[in-house]
Amino acid sequence: MERTFLAIKPDGVQRGLVGDIIRRFENKGFTLVGLKFTKVSRELAEQHYDVHKERPFFGNLVGFITSGPVVAMVWEGDGVVTTARKMIGATNPLTAELGTIRGDFGINIGRNLIHGSDAIETAQREIALWFKDEELVGWQPHLTPWLHE
Ligand code: DAT
Ligand code: MG
């Protein structure tokens, strides 16, 4: 079953949006299989954003993600990687469509509330970086027959 890694960033936590953001993925029909409230170490932040290490905003990005607690999550479901990215919206909240998390709640690219894996391979890498195998819980929601034909 396809899985993705999502993280509510420190701005989403500070602004009290954790419940709203989680509810969107629950309502959509995806299944939560991992959840962790954690303060990110510099080492983990640098590994997580490794692809951006040459970018001018890398220092700010690492500083921001380590500035307060985050909610790290793994969600499961058909097409969850691509659909979660659609639900999150464009990188810049100012141009993100209304109805997306970033479009509804943000106005600045450096405060865009949530991270989501951009591809299946990225998701596998990020899940392994943030979670131990035994921290992930495979389960069969009772709602399954009402979500799948
Ligand atoms: P996304 O989070 O939509 O996958 P990304 O992977 O291109 O976006 O960039 C990672 C994060 O870096 C992004 O969520 C916010 C920050 N960022 C990206 N581009 C930026 C820019 N031009 N200026 C400042 N921060 C930026
Ligand atoms: Mg990205």
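Reader: Is Arg 42 buried, partly exposed or exposed?

Author: Buried means under 20% relative accessible area, exposed means over 50%, and partly exposed lies in between (1.4 Å probe, protein chains only). Arg 42 has a relative accessible area of 49%, so the residue counts as partly exposed.

Reader: What kind of model is this, and how are residues numbered?

Author: This is a predicted model, in which local features need pLDDT of at least 70 and side-chain atom pairs count only at pLDDT 80 or more, while totals for chains, interfaces and linings use all residues. Side-chain values use heavy atoms, without hydrogens and water, chains are lettered from A and ligands numbered from 1 in the order in which they are written, and residues are numbered along each chain as its sequence is written, from 1.

Reader: Which residue meets Arg 42 in a salt bridge?

Author: A salt bridge is a side-chain nitrogen of Lys or Arg within 4 Å of a carboxyl oxygen of Asp or Glu. The N to O distance is 3.6 Å, and the partner is Glu 46.

Reader: Which residues are joined into one network by salt bridges that share partners?

Author: One pair is Asp 20 and Arg 23, at 3.5 Å, N to O. Another is Arg 24 and Asp 104, at 2.9 Å, N to O. Salt bridges that share partners join into one network Asp 20, Arg 23, Arg 24 and Asp 104.

Reader: Why are Asp 20 and Arg 23 separated by about one helical turn?

Author: Asp 20 is partly exposed at 25% relative accessibility, and Arg 23 is partly exposed at 42%. Both belong to helix H2 (residues 18–28), and their separation is about one helical turn because they are 3 residues apart.

Reader: How many residues apart are Arg 24 and Asp 104?

Author: Arg 24 and Asp 104 meet in a salt bridge. This pair links distant parts of the chain, with Arg 24 in helix H2 and Asp 104 in helix H6 (residues 101–105), and the two are 80 residues apart.

Reader: How many salt bridges does a search of the whole structure find?

Author: Side chains of opposite charge can pair when their charged atoms come close. Among the pairs in this structure is that of Glu 46 and Arg 42. The search of the whole structure finds 7.

Reader: In what order do the elements of the protein chain run?

Author: Helices (H or I, at least four residues) and strands (E, at least two) are DSSP runs, numbered from the N terminus. The protein chain has 8 helices and 4 strands. From the N terminus on, the order is β-α-α-β-α-α-β-α-α-β-α-α.

Reader: What share of the residues in the protein chain is buried?

Author: The C-alpha trace spans about 45 × 35 × 25 Å along its principal axes. Of the 149 residues in the protein chain, the buried share is 46%.

Reader: Which residues form a nonpolar patch on the surface?

Author: Patches are made of residues with over 30% relative accessible area and no salt bridge, with like charges joined within 9 Å and nonpolar side chains (Val, Leu, Ile, Met, Phe, Trp, Tyr) within 5 Å. Accessible areas come from the Shrake-Rupley method with a 1.4 Å probe, and for residues only the protein chains shown count as cover. One member, Leu 143, lies in the loop between helix H7 (120–130) and helix H8 (144–147). With about 400 Å² of accessible area together, the patch is formed by Leu 143, Trp 146 and Leu 147.
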